[in-house]
Amino acid sequence: MFDLQTQPTPYVEAATTESRPAWDFAVSLISATVQIDQPSGDGTRTVGTGFLLNAPRPDGSPRIVLVTADHVLERMPEREARIGWRTELPDGGWRFDPQPLTIRDAASDPLWVKPADRDVAVMEIQAPETFARAAIPMAWLADKDTFDAAEVGPGDDMQSLGFPRGLSANRAGFPILRVGRIASWPLTPISAFPTFLLDFAVFPGNSGGPVFWTPTPRRAGEPETPRHPYVAGVLTQEVIVQEERLGIGVVVHADYIREAVAVLDRQAAPAP
């Protein structure tokens with residue numbers, strides 16, 4: 001398998017997802033999703049996907065966190081990568097505006113952290129004001145009980161955002177939206193099943209992208225569906241067997257993003 005500085009903006013609590021239409025939730029995630037890349041020096045580059053999380057520190061002070069897959073950053077050996085900011089223009093258009101992103105310190109130690117044995121990475125970053133406002137709140141992340149409470153099961157649709165082979169939806173650098181169906185069972189408890197499978201084609205560059213659920217219109221006679229959209233996890237791999245791509249993605253449950261943020265919190269805690 002393979003997958004492929006400004007002052008912080010004050011934290012503002014986002015509106016509840018209960019009143020947000022599905023398309024608005026998707027657009028919010030699109031706005032928070034960015035391309036991460038690092039040129040390799042031979043005309044190629046390592047590309048991945050990340051998204052921004054509004055995760056205040058334990059003392060309540062503002063903090064913007066970049067979420068991606070751990071291996072995306074591990075496969076970028078240099079201290080500096082690039083993050084694909086986008087700038088809105090006066091005429092309503094957008095300009096792709098990638099900027100340097102330091103991912104290792106002067107000793108080449110990683111600036112990101114991860115939960116043990118999970119392919120998820122988070123790191124605190126300084127984001128432009130527009131992107132700091134676009135960062136999604138922690139409340140949008142599924143926790144260990146969300147799938148059971150929402151009665152999620154095999155065949156349910158999930159959506160994902162990413163940059164397959166480094167391709168964006170347009171010249172402005174927005175991510176590409178894809179849809180796939182849950183292809184594995186059981187899904188919980190996540191302590192036993194920390195990942196799940198998604199039936200859709202995955203390419204290098206997709207890794208680190210958010211996988212999320214939004215409601216679809218319900219036909220007469222169908223059971224009630226959960227009202228609240230949520231981020232279900234992080235896309236980390238595609239499944240390959242004997243060099244054959246199976247068109248199946250591997251998703252790490254979103255609760256491990258929460259766990260990674262908790263690692264950041266512990267690192268920031270003052271020494272006793």
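Student: Are phenylalanine 25 and tryptophan 140 buried or exposed?
Tutor: This is a predicted model, in which local features need pLDDT of at least 70, side-chain atom pairs count only at pLDDT 80 or more, and totals for chains, interfaces and linings use all residues. Residues are numbered from 1 along each chain as its sequence is written, and side-chain values use heavy atoms, with hydrogens and water left out. Buried denotes under 20% relative accessible area, exposed over 50%, and partly exposed in between (1.4 Å probe, protein chains only). On this scale, both phenylalanine 25 and tryptophan 140 are buried.

Student: What percentage of the residues of the protein chain count as buried?
Tutor: The protein chain exposes about 13400 Å², of which carbon and sulfur atoms supply 51%; accessible areas come from the Shrake-Rupley method with a 1.4 Å probe, and for residues only the protein chains shown count as cover. Of the 272 residues of the protein chain, the buried share is 47%.

Student: How many aromatic pairs does the rule give?
Tutor: Rings of Phe, Tyr and Trp (its six-membered ring) pair if their centres lie within 6.5 Å; planes under 30 degrees apart count as stacked, over 60 as edge-to-face and the rest as tilted. By this rule, the number of aromatic pairs is seven.

Student: Why is the pair of phenylalanine 25 and tryptophan 140 classed as it is, and what is the class?
Tutor: The ring centres of phenylalanine 25 and tryptophan 140 are 4.8 Å apart. Because their planes stand at 35°, the pair is tilted.

Student: How many residues apart are phenylalanine 25 and tryptophan 140?
Tutor: Phenylalanine 25 belongs to helix α1 (residues 22–32), whereas tryptophan 140 is in the loop between β7 (136–137) and α4 (146–149).

Student: Which parts of the chain does the pair of phenylalanine 147 and tyrosine 230 tie together?
Tutor: The ring centres of phenylalanine 147 and tyrosine 230 are 6.3 Å apart and the planes are at 55°, so this pair is tilted. Phenylalanine 147 is buried at 3% relative accessibility, and tyrosine 230 is buried at 6%. The pair ties together parts 83 residues apart in sequence, because phenylalanine 147 lies in helix α4 and tyrosine 230 in strand β12 (residues 230–241).

Student: Which residues form one aromatic cluster?
Tutor: Phenylalanine 147 and tyrosine 230 both take part in this cluster.

Student: What is the volume of the second largest cavity?
Tutor: On a 1 Å grid over the protein atoms alone, a cavity is a set of points where a 1.4 Å probe fits but cannot get out, and lining residues have an atom within 4 Å of a point. Grid points are joined across faces, edges and corners, and a volume is the space filled by probe spheres set on the points. For the second largest cavity, the space is about 40 Å³.

Student: How many residues lining the second largest cavity are charged?
Tutor: The lining includes Asp143, Lys144, Phe147 and His253. Ala, Val, Leu, Ile, Met, Phe, Trp, Tyr, Cys and Pro count as nonpolar, Asp, Glu, Lys and Arg as charged, and the others, Gly among them, as polar. The lining has five nonpolar and two polar residues, and the charged ones number three.

Student: How far apart are the closest N and O atoms of glutamate 129 and arginine 133?
Tutor: A salt bridge requires a side-chain nitrogen of Lys or Arg within 4 Å of a carboxyl oxygen of Asp or Glu, and the count comes to nine. Glutamate 129 and arginine 133 lie four residues apart in helix α3 (residues 129–134), about one turn of the helix. Glutamate 129 is exposed at 52% relative accessible area, as is arginine 133 at 55%. The closest N and O atoms in their salt bridge are separated by 3.1 Å.

Student: How many residues apart in sequence are the parts joined by aspartate 157 and arginine 181?
Tutor: The side chains of aspartate 157 and arginine 181 meet in a salt bridge with an N to O distance of 3.1 Å. Since aspartate 157 lies in strand β8 (residues 157–162) and arginine 181 in strand β9 (residues 176–182), the pair ties together parts whose separation in residues is 24.

Student: Which residues do salt bridges that share partners join into one network?
Tutor: Aspartate 157, at 33% relative accessibility, is partly exposed. The network built from shared partners joins Asp37, Arg45 and Arg82.

Conventions:
Helices (H or I, at least four residues) and strands (E, at least two) are DSSP runs, numbered from the N terminus. On a 1 Å grid over the protein atoms alone, a cavity is a set of points where a 1.4 Å probe fits but cannot get out, and a pocket is an open set with protein on both sides within 12 Å along at least five of seven lines; lining residues have an atom within 4 Å of a point.
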